[in-house]
Amino acid sequence: MLATHLESVDPATGEVIGRFESTSPADLPRILEHARRVQEEWAAQPLRARCALLRRLRDVLYARRDEITEVITRECGKPRFEALSADLMVSLDTASYFAWHTPRLLRPETVPHHNLAVKGKSGRIVYEPCGVLGIISPWNYPMAIPMGVVIPAVAAGNAVVLKPSELTPWCGALVRELFEQAGFPADLVQVVQGGGEVGAALIEAKPDKVVFTGSVATGQRVAEACARHLIPCVLELGGKDAMIVMADADLEVASSAAVWGSFTNCGQACVSVERIYVERTVAERFIELCVAKTAKLKLGSGIDPDTEVGPMIRSAQVDRVESHLRDAVAHGARVLTGGKRRPDLGPCYFEPTVVVDVDHSMRLMHEETFGPVLAIRAVSNGEEAVRLANDSPFGLSGSVWTRDRERGRKIAARLKVGAVMINDVMSYFGICEAPHGGRGASGWGRTHSRLGLMELVQVKYVDEDRLSRWPKSWWFGYDQELGVATDRFLEVLFAPGWRRRVSSVRGALGTVFRSHRI
Ligand code: NAD
């Protein structure tokens, strides 16, 4: 049979810029089997040796940064600056962070026992690799998202089969190449190319865990497929992140954040600012600032160093943005700037758009738009802002803007999301120590940070008995006497008042000094 190919398409021009061999779904069982053999040898390597290779990966990423950012920009459309400051920076920092910190994060932990009955034991928690991980990723951060999981996965001793998005096969191929160049064992990180059918086949080949990042609809299919085989999974899904602007916020700064948070990566980020609730007393000024700043943005090809907003990934994505806007306008929203396709620039361009007078009956306010739209709604107070922010099936992240730190913390505590930023947007995604993940329709589990690493290991508890020649008081040989002694023992542990506890000590010893008939 002839190999089929995936095309890498430049969204700025619609031109085909590369062709990559697709993986046949039928090959996945063999690929997984091979991964299992490679993983066993890899897990036998000392943790420090695995981490040393991560430092080499960091050096390779750094040395090839120009070429990598160019591939990201050409395949994904984002401005070159964003390929460097988001995708490459996050990948470099993740390699650096896990190279240094994994030995500490995975150090076995001693578990002291509080209960007198088990004081003769010592416990330890150890962290073991899961085995082979299936990692399925989207196109919007085609380097940062896979690297954010693959790096800690291999540090923890796993092998990886990565299925990058079919829209960014070139970036996917680069991931594999970078690990090999850094000196990781051949095929420790395998990349399978193709669409949903290859992702589905990867799950059917039964990896030990799946880490999926993508849309809610696909996430549901992934969760169902994993459930059929009882494969655990992490789901990093969509968002509808709210930004709350209180009247005392620095409006100059908050409006710049709103514009950047809505239009970076052309609004195609899971943690984009998708909804803004601003206190009515300052709404007019805030809107004015947002409109003026949006109108100044330079729309164009990501290759041009002055471009601030690039094309969307595909024309179908632009269709979705248009349909959300049409629906909003039909229900009374007003577009203050932007709102149009720009076929004169290329097939996937859409102007950065500010829209006001929005409400929750509009798709724009309850479905993920994933495009360059900044939607602002004026609210009476923080209470209303919190209520509306929480009125969403999603719960990925959000932000609150105020000069009053205490108030910011109180609002943050009430938002039903996985992360809140006070006086910043989105940047927590690039902080290695910050866990990333959502609630509700935004998914479950975490990536990044110590908690993300914990998703990639098996936790094992190891118990050692220090009194190995002593039969246990709870073993067979039950009789009336033992029942009474055990009751005294419970008194020693739990009776209210120390007198009663002390007076029961003698009787409780009958649980220890007894004859075991069996
Ligand atoms: P998508 O769901 O269309 O595809 C994601 C991946 O799943 C792709 O690799 C795709 O080929 C694969 N896939 C499709 N069908 C599959 C199946 N049946 N079984 C297994 N895999 C399958 O998402 P997308 O368009 O690539 O990405 C955009 C979405 O991702 C947005 O909703 C965005 O919010 C979300 N996202 C979430 C995060 C996060 O961390 N929470 C980060 C980035 C993007």
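Modeller: Let us begin with valine 245, which stands opposite valine 278 in strand 11. This is a predicted model, in which local features need pLDDT of at least 70 and side-chain atom pairs count only at pLDDT 80 or more, while totals for chains, interfaces and linings use all residues. Residues are numbered from 1 along each chain as its sequence is written, and side-chain values use heavy atoms, with hydrogens and water left out.

Biologist: In which sense do strand 10 and strand 11 run, and how many bridges join them?

Modeller: Strands and helices here are DSSP runs numbered from the N terminus, with at least two residues (E) for a strand and at least four (H or I) for a helix, and two strands pair if DSSP finds at least two bridges between them. Strand 10 (residues 241–245) and strand 11 run parallel, joined by 5 bridges.

Biologist: How many residues of strand 11 are buried?

Modeller: Buried means under 20% relative accessible area and exposed means over 50%, with partly exposed in between, using a 1.4 Å probe and protein chains only. In strand 11 (residues 273–279), 7 of the 7 residues are buried, so this strand is largely enclosed by the rest of the structure.

Biologist: What is the strand order in the open sheet of 6 strands?

Modeller: In a regular strand the side chains alternate between the two faces of the sheet. The open sheet has 6 strands in the order 7-6-5-8-9-19, with mixed pairing, and its edges are strand 7 (189–191) and strand 19 (443–444), each of which pairs on one side only. Within that order, strand 5 (residues 132–136) and strand 6 (residues 159–163) pair in the parallel sense over 5 bridges, and glycine 134 stands opposite valine 161 in strand 6.

Biologist: How many salt bridges does a search of the whole structure find?

Modeller: Side chains of opposite charge can pair when their charged atoms come close. A salt bridge is counted when a side-chain nitrogen of Lys or Arg lies within 4 Å of a carboxyl oxygen of Asp or Glu, and the search finds 38 of them. One of these joins arginine 37 to glutamate 33, with the closest N and O atoms 3.8 Å apart; the two residues are 4 residues apart in helix 1 (residues 28–43), which means that about one helical turn separates them.

Biologist: Which parts does the salt bridge between glutamate 70 and arginine 80 tie together?

Modeller: The side chains of glutamate 70 and arginine 80 meet at 3.6 Å, N to O. Because glutamate 70 lies in helix 3 (residues 65–76) and arginine 80 in helix 4 (residues 80–105), the pair ties together parts that are 10 residues apart in sequence. Glutamate 70 is partly exposed at 34% relative accessibility, and arginine 80 is partly exposed as well, at 27%. Elsewhere, glutamate 384, which is buried with a relative accessible area of 14%, forms a salt bridge with arginine 377, the closest N and O atoms being 3.8 Å apart. Salt bridges also link Lys121, Asp463, Asp465 and Lys472 in a network.

Biologist: Which residues have the most contacts inside the largest nonpolar core?

Modeller: A nonpolar core is a set of buried Ala, Val, Leu, Ile, Met, Phe, Trp, Tyr and Cys residues joined through side-chain atoms within 4.5 Å. The largest has 77 residues, and those with the most contacts inside it are Leu57, Val154, Phe179 and Phe184; helix 4 gives the most to this core, with 8 residues. Apart from it lies another core, of 72 residues, among them Ile145, Cys290, Ile411 and Met421. If contact is taken as heavy atoms within 4.5 Å, and residues up to four places away in sequence are not counted, valine 154 touches residues including Trp42, Phe179 and Phe184.

Biologist: How many aromatic pairs does the structure hold?

Modeller: A pair of aromatic rings is described by the distance of the centres and the angle of the planes. Rings of Phe, Tyr and Trp (its six-membered ring) pair if their centres lie within 6.5 Å, and planes under 30 degrees apart count as stacked, over 60 as edge-to-face and the rest as tilted. There are 8 such pairs, including a tilted one between phenylalanine 20 and tryptophan 170, at 6.3 Å centre to centre and 45° between the planes. This pair links strand 2 (residues 16–21) with helix 6 (residues 169–181), its two residues being 150 residues apart.
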